[in-house]
Amino acid sequence: MTTRPAAPAAPAAPDQPHARPHARRRPAAAALAVLLGAVVALGACSTSEPPTPPAAGTDVPPATAAPTAALARYYGQKLDWTACGGLQCADLTVPLDHANPDPADDLTIKVVRVPARDQEHRLGSLLVNPGGPGASGNAYVRAGADSIGGPEVRRYYDLVGFDPRGVAGSDPIDCLGDAALDRFLGTDSTPDDAAEEQALLTQAEAMADGCAAHAPKLVRHLSTADAARDLDVLRAALGDPQLNYLGKSYGTFLGATYADLFPKRVGRVVLDGVLPPDITSAELGEGQARGFEIATTAYLQDCVTGDCPLGDSVDAARRGLDDLFTAIDREPLPTGDPSVPQLTEAWARLGVAIALYDQGMWGFLTDAIREARAGNGASLMQLADSYAHRRPGGGYDGNLMEAIFAVNCLDRPDSPDLSAYARYAKDFSAKAPTWGATLAWGALPCGVWPVTGGVGPHRVTAAGSNPIVVVGTTRDPATIYEWSVRLRDQLDDAALVTFDGDGHTAYGRSNSCVDSAIDAYYVQGRVPRDGLRC
């Protein structure tokens with residue numbers, strides 16, 4: 001598992017009175033498809049204060065100033081907006097290699113926009129990235145344009161979504177066919193012996209080799225630094241002297257990388273659910289294993305307050321969940337899906353994991369577990385499908401499951417030695433017995449990745465930037481709270497807002513303390529008090 005993209009729409013939030021974890025509701029497939037991490041705003045508190053335009057400062061170069069003369073043609077382009085399904089759409093041209101631009105290799109970035117409702121007092125563009133890596137920013141805006149940010153944010157900002165290079169509509173990387181991707185995701189992620197370790201290695205090599213074979217040029221230029229440089233071209237094409245940005249989950253990594261590359265271009269930037277650029281592949285896996293363990297405990301505490309199929313105490317229920325995974329590993333369950341007829345342990349773990357991202361799904365997860373214990377894997381498979389953007393019956397929407405590795409493995413290479421992952425599994429499991437092995441072996445494709453080229457894990461400071469707001473959730477399963485503290489401590493000028501709650505990310509999940517603070521920052525430029533706790 002890796003960080004997941006944020007979700008447009010709002011099935012639940014930690015402090016919503018109507019977000020009933022005990023409600024046993026079966027969501028529609030469309031709802032499941034967006035349950036991939038953070039839930040964006042239902043509508044934060046509005047303010048009667050007038051908007052305050054960002055102060056760019058005298059040392060900020062003109063909006064279209066290019067870092068090099070060779071990039072001037074990209075920075076000087078104007079977007080040609082056309083109507084598309086209630087939004088505005090445009091194509092942005094960026095170089096494959098910003099250091100050596102060649103028009104023959106140019107990439108096309110797909111962009112969508114919802115204009116500010118008050119154009120007279122417009123504050124500029126607010127660019128959003130929901131995470132992944134591999135999530136479609138365009139789909140995010142399409143699905144949640146009326147619920148991203150509070151009413152005043154949407155009133156004064158053009159809301160802009162984009163598919164990063166290699167993702168969704170922007171020259172997507174394609175590594176495996178649908179059946180091969182089914183095999184990749186369904187292979188046992190907690191190997192018990194050398195044969196199962198070899199099976200995982202075979203699948204990791206299939207993913208790595210497929211990306212290199214199908215996109216030999218693109219696969220070398222999909223790092224987060226590449227995407228951050230595209231983001232600056234997009235800012236220029238929008239005519240904004242500085243970047244106003246909301247990044248969630250992996251989107252925080254992209255935003256922090258941008259801020260470090262272009263500190264004077266930082267406008268009002270919020271990084272929610274932090275993935276710090278300096279963590280290694282092993283640190284990512286270990287941290288997420290601990291995060292999912294904490295989220296599992298929170299879910300089990302809720303489960304045992306009712307008729308929990310796993311046990312009548314948290315300890316008993318944890319044993320029950322582990323026993324269920326073991327039983328499915330030994331004897332996979334029928335799914336009713338002709339392309340994936342059996343729910344393997346790997347699929348089951350994906351199904352459980354996605355429901356831990358938001359407690360509004362806990363009721364459905366409990367029902368799915370009850371069905372699985374009765375011998376039916378269909379509901380857990382439905383959850384796993386939503387994790388992978390997989391359509392029931394076969395086929396995938398987008399390329400999230402491939403882009404995740406194509407980006408992460410450039411940013412965070414790992415060891416080619418199988419024994420390293422066995423050591424990871426032992427070490428992680430000591431702190432996170434339910435999830436340690438899964439998160440340890442999940443990085444194996446990055447150990448056999450066929451290309452290098454990313455800058456690797458590195459600290460960022462964004463020295464000289466405007467204040468950046470960092471948001472962390474204390475029981476976030478995918479981006480643990482300490483990572484938000486870690487990034488805030490690295491950044492030259494930042495304020496940390498803490499949400500004491502469950503789920504992935506905080507802004508827009510109907511905590512009025514968080515939402516009001518971020519809305520005021522975007523609209524009035526009022527930086528939250530560093531250390532604000534909600």
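Predicted model: local features only at pLDDT ≥ 70, side-chain atom pairs only at ≥ 80, totals over all residues.
Residues are numbered from 1 along each chain as its sequence is written, and side-chain values use heavy atoms, with hydrogens and water left out.

Back to that pair: the side chains of Asp230 and Arg165 meet in a salt bridge at 2.6 Å, N to O, a salt bridge being a side-chain nitrogen of Lys or Arg within 4 Å of a carboxyl oxygen of Asp or Glu. Asp230 lies in helix H7 and Arg165 in the loop between S5 and helix H5 (178-186), so the pair ties together parts that are 65 residues apart in sequence. Helices (H or I, at least four residues) and strands (E, at least two) are DSSP runs, numbered from the N terminus.

The structure holds 27 salt bridges, and I will take two others. The side chains of Arg486 and Asp278 meet at 3.2 Å, N to O. Arg486 lies in helix H18 (residues 481-490), whereas Asp278 lies in the loop between strand S7 (266-272) and helix H9 (281-303), so this pair ties together parts that are 208 residues apart in sequence. Arg486 is partly exposed, with a relative accessible area of 26%, while Asp278 is buried at 14%.

Glu286 forms a salt bridge with Lys431, the closest N and O atoms being 3.2 Å apart. Since Glu286 lies in helix H9 and Lys431 in helix H15 (residues 418-431), the pair ties together parts that are 145 residues apart in sequence. Here Glu286 is buried, with a relative accessible area of 14%, and Lys431 is exposed, with 52%. Salt bridges that share partners also join Asp182, Asp337, Asp385 and Arg390 into one network.

Now to the strands. Of the 6 residues of strand S4 (residues 124-129), 6 are buried, so S4 is largely enclosed by the rest of the structure. S4 pairs with strand S5 (residues 157-162) in the parallel sense over 5 bridges, where two strands pair if DSSP finds at least two bridges between them, and Leu126 stands opposite Leu159 in S5. S4 also pairs in the parallel sense with strand S6 (residues 243-248), over 3 bridges, and there Val128 has Leu246 as its bridge partner.

A brief word on Ser223, which lies in the loop between helix H6 (194-214) and helix H7 (224-238). At 5% relative accessibility, Ser223 counts as buried, and, leaving aside residues up to four places away in sequence, Ser223 touches Leu410, Asp411 and Gly454, contact meaning heavy atoms within 4.5 Å.

Key:
Buried < 20%, exposed > 50% of the residue type's maximum accessible area, 1.4 Å probe, protein only.
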